[in-house]
Amino acid sequence: MPVHTIPQTSLQNAFTAAGSKQLRAWCADLEAGGVLYFPVTPLPIPAEDLEVLLGQQQTGSKLHKNIAYKPKNDELTGVDAKTSGAATVRQVQEIMRRYSQNIERFLTRFLAPYKQRWVLDYASYRPLEEKGRDLKLRRRNDLLHTDAFPTRPTHGWRILRFFHNIHPTRTRDWIIGEPFPRVIGSFVPGTLAMPRSENILGRGGKQLAKATGLSKLVPQWKRTPYDDFMMRLHNAMKENEDFQQSCVKENVQFAPGSSWMVYTETVPHAVLAGQYALEQTFLVDPAAMVTPESAPVAVLEKMAGARLV
Ligand code: SIN
Ligand code: FE
């Protein structure tokens, strides 16, 4: 069930006038915890760009997990001008910029039901071999986990990731777990307490804060009870050996030259092997879902019986 394969021909049909029902169905598949898999990527990388990307070998891999591109500031990190040369840095930056723009253009059509109610987040390039990486437990990506950003809470917005395996010959090997409502059953109640909505100001205080403009000062980066829960869930999954061993999961191999997309904050995933992948993250408004009740914030608020963001 979790992997829905989309051949090139289906894509062409979906972009015709009669295709809007199909586009909604694919959104619903994603929201239900599915992976949308394009065996042939709809966004091929030009040969000369591929050559530059495959030439990147990273140093200091423990510090920099990836090469990152931040579209908002047109900023590239993880490629060092001293060791790679300024010309290469510029080339990689241009490639990442184009990649990022092309994906957003594609998803504007493909995810038409969302009407662009998203924020284009970071893109990354992952040139390291994933098999046998030496990382601290909470940073390991070969253990099943759901994504949560330690320093950038999403306040309930969903983490959608679009991947591209640019390795010329090898697959990228993943494990995928069960849909969110089922998988949190292994952690709540038990390892994780339900998130509680905590309002330190109380109702009167909140009104006062609003009236005086104080609420504007509440920092954007403040974690809500939702963010706190999602971060703890990420850690709890990686730290639970029993869950890693015995949960329901499926092995998936993504072919060279393929792309796939998935809501990684709800679908447990791990990468076991593979090298050279591109990835673009979108933060999607949970209210934009075709099945809003499936958004994790809705699932958790229903369980908690309280507002969490
Ligand atoms: C992850 O998001 O955990 C890693 C996925 C990948 O790089 O293939
Ligand atoms: Fe992840």
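**View 1. Spacing of the donors of the iron ion (ligand 2) along the chain.** In this predicted model, the donors, meaning N, O and S atoms within 2.8 Å of the metal (3.2 Å for Na, K and Ca), with water not among the atoms, so that sites may look incomplete, follow the spacing H-x1-D-x121-H. The iron ion (ligand 2) is coordinated at 2.1 to 2.2 Å by NE2 of His145, OD of Asp147 and NE2 of His269. His145 counts as buried because its relative accessibility is 2%, and Asp147 is buried with a relative accessible area of 9%, where buried means under 20% relative accessible area (1.4 Å probe, protein chains only).

**View 2. Residues surrounding ligand 1.** The residues around ligand 1 are Arg126, Asn141, His145, Phe163, Arg172, Trp174, His269 and Val271, each with a heavy atom within 4 Å of the ligand.

**View 3. Polar contacts and cover of ligand 1.** Oxygen atoms of ligand 1 make polar contacts (pairs of N or O atoms within 3.5 Å): one lies 3.3 Å from a polar side-chain atom of Asn141, one is 2.9 Å from a side-chain N or O atom of Trp174, and one is 3.2 Å from a side-chain N or O atom of His269. Of the 260 Å² of accessible area (Shrake-Rupley method, 1.4 Å probe) that ligand 1 has on its own, the protein covers 98%.

**Notes.** Residues are numbered from 1 along each chain as its sequence is written, while chains are lettered from A and ligands numbered from 1 in the order in which they are written. Local features need pLDDT of at least 70, side-chain atom pairs count only at pLDDT 80 or more, and totals for chains, interfaces and linings use all residues, with side-chain values based on heavy atoms, leaving out hydrogens and water.

Conventions. A polar contact is a pair of N or O atoms within 3.5 Å; within protein, one must be able to donate a hydrogen and the other to accept it, and residues adjacent in sequence count only if both atoms are side-chain atoms. Buried means under 20% relative accessible area, exposed over 50%, partly exposed in between (1.4 Å probe, protein chains only).
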